[in-house]
Amino acid sequence: MTSGDGKTRIAKAAGLMSLATFISRILGFVRDMIFALYFGATGLSDTFFAAFRIPNLLREIFAEGSMSSAFIPVLTEYRQKQGENEANRLVKITFTFIIIFVGIVCLVGVFFSPAIVTVIAPGFLGSQEKFSLTVMLTRIMFPFLLFISLAALVMGALNTKKVFFIPALAPALLNITLILSIVLFESRAQQPLTAAAIGVMAGGFVQFAFQLPSFYRNKYKLGFDATFSHPGLKKMSILLIPATLALSVSQINIVVSNILASFLPSGSITYLFYSMRLIQFPIGIFGVAMGMAVLPMLSEHAAKGDYARLSDDFSFALRLLFFITIPAMAGLIALREPIVNLLFQRGKFDYAATVGTAQALLFYSIGIWSIVGVRVVTASFYSMQDTRTPVKVALVALAVNVIFSIFLMKPMKHSGLALANSLASMVNFTLLFLFLRRKLQGIDSRRILYSFLKTIFASLLMGIAGWSLIHGKQWQIHGGTFIKVFYLSGTIALSVIMYILLSYILRNEELNYVVEMVKQKLRK
């Protein structure tokens, strides 16, 4: 396989995952719009988001994070060196281990929910009603972790066979399930928020089940095999612990923000949640998709000892990712208030909530480039089965976030917590990149930096133009949805055209690659 073929495979895989993730994220925004309509940005909604924080934290750092990072390289190595039968056996052993281990974690979480809520939302102790409701919702949603862990296992197995679209589309089923649960059962439930909590748990199961037909078509089978002494499982366990710590940083940072925000005015946790949801749109569509698409390819190179190809594909993936993500970051910053107004300002979600969410969105957004960059850099480390370096850097970034959060939360309120998170992600990426450059000496850092600066310049001009086209008082009131959709969509479209033209003038090579990919697709 040539270097060009590798880049094409990475780009196609990332494209498929981006498309599926886009569908899922759109449904996620529909879900959030419905949630905002029914529950607003109040103390009531704060209880749900606080309760969901721990199961969601464990999902990010274990089910969909570290497990994939440990599982995919090891499974790829076994398939390359020992064949399909041994690889399939490793899948069954891992399945059995998840059922037992994660099942125990869920039971412990349900039993100790009061203690967990005390830690993650100590500000709720002053209100027995809020505290009790948060405990109940936490208990309902904890089994979500088991189902989502099984979904991640199936996803990882499919990714090693270059199947990306179905696993990436599966989270859409979670969103659909939650939407239906709120719409159909909110008015019938004694406590309306329980409808949303049950929807989360059921959605996790649906996300797992949706992938099974593709899983079986690719000649996998689920079954019980308790051979926990298997060397593949041992190697995964060794990789899993530091990978869990490393990938947990972004989520632990969110938990830190959640704890501190519980001491801020009512609605602060909700502002942070909705703004984080918005930045997760480009992060999920581009960053997560690229990280997952590139990991199997880089793992193949590492298993073969082809580190020159690994360095080349890493450089390409990072440059392409920045070329796509940085303009999205600029767009969120420039159009933050119109976006929040259009998506959420209705029902109990008023203009004050729009302003609060838009302020947090501004400071979260400036760290998007580094968050997505970390996804690709850590994938490179994991492909070489090095999970220790990312965890060392992650601990430094965690300390940075805690320090800045404490200093900034008083003068800037919830916006200071968002800014601290972005600063920590920038430190995380910068240190990881420097360590990787030392490990892989073939990385063309100058080429990456040159592309990055051209992309920043084009995105800055695009963002200024977009802001000048759309700012106005119409975004302070609700209503006029159709006109606002037309106005915002038109501004985004013009901004994209401007960015493409600027990239052409600046002779950005990533634009040329994308154009060639489109031409090849049209010829077929």
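## A buried aspartate and its partner

D225 is buried, with a relative accessible area of 17%, where buried means under 20% relative accessible area, exposed over 50% and partly exposed in between, for a 1.4 Å probe and protein chains only. This is a predicted model, in which local features need pLDDT of at least 70 and side-chain atom pairs count only at pLDDT 80 or more, while totals for chains, interfaces and linings use all residues. Residues are numbered from 1 along each chain as its sequence is written, and side-chain values use heavy atoms, with hydrogens and water left out.

D225 forms a salt bridge with R89, and the closest N and O atoms of the pair are 3.5 Å apart; a salt bridge here is a side-chain nitrogen of Lys or Arg within 4 Å of a carboxyl oxygen of Asp or Glu. Because D225 lies in the loop between α8 (193-217) and α9 (231-247), whereas R89 lies in helix α3 (residues 84-111), the pair ties together parts that are 136 residues apart in sequence. Helices (H or I, at least four residues) and strands (E, at least two) are DSSP runs, numbered from the N terminus. In contrast to the buried D225, R89 counts as partly exposed, at 32% relative accessibility.

The structure holds 10 salt bridges. One of them joins R319 to E509, with the closest N and O atoms 3.8 Å apart; this pair links distant parts of the chain, since R319 sits in helix α12 (residues 307-334) and E509 in helix α20 (residues 509-523), 190 residues apart. R319 counts as buried at 3% relative accessibility, whereas E509, at 33%, counts as partly exposed.

R319 also forms a salt bridge with E510, where the closest N and O atoms are 2.6 Å apart, and this pair likewise links helix α12 to helix α20, across 191 residues. E510 counts as buried, at 3% relative accessibility. Through salt bridges that share partners, R319, R447, E509 and E510 are joined into one network.

## Packing of α13 against α14

Helix α13 (residues 336-344) and helix α14 (residues 351-365) pack at an angle of about 135 degrees, with their axes 9 Å apart; the axes are lines fitted to C-alpha atoms, for helices over the stretch in contact, and angles run from 0 to 180 degrees between N-to-C directions. The two helices are therefore oblique to each other, given that angles under 35 degrees count as roughly parallel, over 145 as roughly antiparallel, 65 to 115 as roughly perpendicular and the rest as oblique.

The contact (heavy atoms within 4.5 Å) is made by R336, E337, V340 and N341 of α13 together with Y351, T354, T357, A358, L361 and L362 of α14. Seven of the nine residues of α13 are buried, so this helix is largely enclosed by the rest of the structure; the buried residues are P338, I339, V340, N341, L342, L343 and F344.

## V183 in helix α7

V183 is found in helix α7 (residues 165-185) and counts as partly exposed, at 40% relative accessibility. Leaving aside its neighbours within four places in sequence, V183 is in contact with I34 and Y38. V183 and A50, which are 133 residues apart in sequence, lie 21 Å apart in space, C-alpha to C-alpha.
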